[in-house]
Amino acid sequence: MNSMTEGQLQPGATGVAPAPVPFNRPFAVGRELAYIQEAIALMQLSGDGEFTRRCHRLLEQATGASKALLTHSCTAALEMAALLLDLQPGDEVIMPSYTFVSTANAFVLRGAVPVFVDIRPDTLNIDESLIEAAITPRTRAICVVHYAGVGCEMDAIAAIAARHGLALVEDAAQGIGASYRGRPLGTFGAMGTLSFHETKNVISGEGGALLLNDPGLVERAEILREKGTNRSRFFRGEVDRYTWVDLGSSYLPSELGAAFLAAQLEQMQAITARRLALWQRYYDWAARPEREGLVRRPVVPEHCGHNAHMFYLLLPGLAARAAFLAEMKAAGIGAIFHYVPLHSSPAGMRYGRAQGALPVTDDMAARLVRLPLWLGLEDRLDEVIERVDAALDRACR
Ligand SMILES: *Cc1c(COP(=O)(O)O)cnc(C)c1O
């Protein structure tokens, strides 16, 4: 496993361009290979074996959720959430437009209509003050996204959901290890979803989890996840055979993925601490270009315990960003931008609707850049920052 974390930090030979710095690099924290070997020795490679149970326990301990269920992706966990809500065609789900496509797709697959609401200019999270205006008689749920692992304004949003009898789902794909007023993200709504994709903080290649904070949802969730059968109850000895009892699909990851993930979850706090240290170095450096009006740094409200999922900068505009990204490409630094707002994407226009104009979303989507942030970058971060600084000078002045 060391080959994944070490041996990548070779500086370029003298007189040669420095080695490129990728935007992301998956990492192992130590016991992944040993656990995969153990999983093979246990002779159960399909889902819900020893390592899956260990991951469930670790996630329940870390979050306080009533139940955690591993899935093969956060996308799958969102699909399970949409199934559990029993959405009918035409039902509406309020969400930000500034998010990954899975937030919307999971509900669209059930025939529901995503209703896109603008974001806050500080955290880029859904603007809670705009949610109530988007509620109609068809609204069934609010799906928030904790962008960059910084919590949405959950006090206000939970109050709106309660007042209007709406389900609350949290897309906490980026939120593992982060908290809002001391409470872990993913535990405010009836359901929260996590991602362990290799670009996230805690990884297993492809992977995710559904956090259930309402014990009443657990039995049906287990059935949906096991192809619509009561197989989980059968394995616990609660029924004497298993059969098809409900809708469902196959949402379990294999034990090989769960073994990798267990090693990562055991190190979650150390991973978060290392990412926070990297993030802080970017943040401290960026104070000067921010004072000079070249960039805006991420905003983390005091009551949000973030997890350093990403470090981004807001540049002056679209042209400056294009120039900056060209500079980064030439310098061999993997900087990227996202998202194409869902309300202006082809499928978003076909399946969803925007709640009025979304000027903050459009503005942020045109100006945001993400910089490399991965375990192992420590040794090269000064060099990355130097090159980012030089590129900003050329692109944004
Ligand atoms: C990464 C991400 C997802 C999708 O996660 P997968 O595990 O790749 O399915 C969904 N929503 C958000 C906000 C994400 O960042």
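## Basis of the model

The structure is a predicted model, in which local features need pLDDT of at least 70 and side-chain atom pairs count only at pLDDT 80 or more, while totals for chains, interfaces and linings use all residues. Residues are numbered from 1 along each chain as its sequence is written, and side-chain values use heavy atoms, with hydrogens and water left out.

Domain 1 brings 46 residues to the contact and domain 2 brings 35 residues, where contact means heavy atoms within 4.5 Å.

About 3,500 Å² is buried between the domains, and carbon and sulfur atoms give 59% of this area. Buried area is the accessible area (1.4 Å probe) that two parts lose on being put together, summed over both. Of the area that domain 1 buries against domain 2, Tyr 98, Phe 116 and Asn 201 supply 20%, more than any other three residues.

## Salt bridges

A salt bridge is a side-chain nitrogen of Lys or Arg within 4 Å of a carboxyl oxygen of Asp or Glu. By this rule the model has 32 salt bridges. One of them joins the side chains of Arg 138 and Asp 91 (3.2 Å, N to O). Arg 138 lies in the loop between S3 and strand S4 (139–145), and Asp 91 in the loop between helix H4 (74–84) and S2, so the pair ties together parts that are 47 residues apart in sequence. Helices (H or I, at least four residues) and strands (E, at least two) are DSSP runs, numbered from the N terminus.

Across the interface of domain 1 and domain 2, 1 salt bridge is found. Arg 353 and Glu 92 also meet through their side chains in a salt bridge (3.1 Å, N to O).

## The sheet

Eight strands form an open sheet with mixed pairing, in the order S1-S9-S8-S5-S4-S2-S3-S12; two strands pair if DSSP finds at least two bridges between them. Strand S1 (67–71) and strand S12 (353–354) stand at the edges with a single partner strand each, so one side of each has no neighbour in the sheet.

Strand S2 (residues 92–96) runs parallel to S3, and 5 bridges join the two. Ile 94 has Val 115 as its bridge partner in S3.
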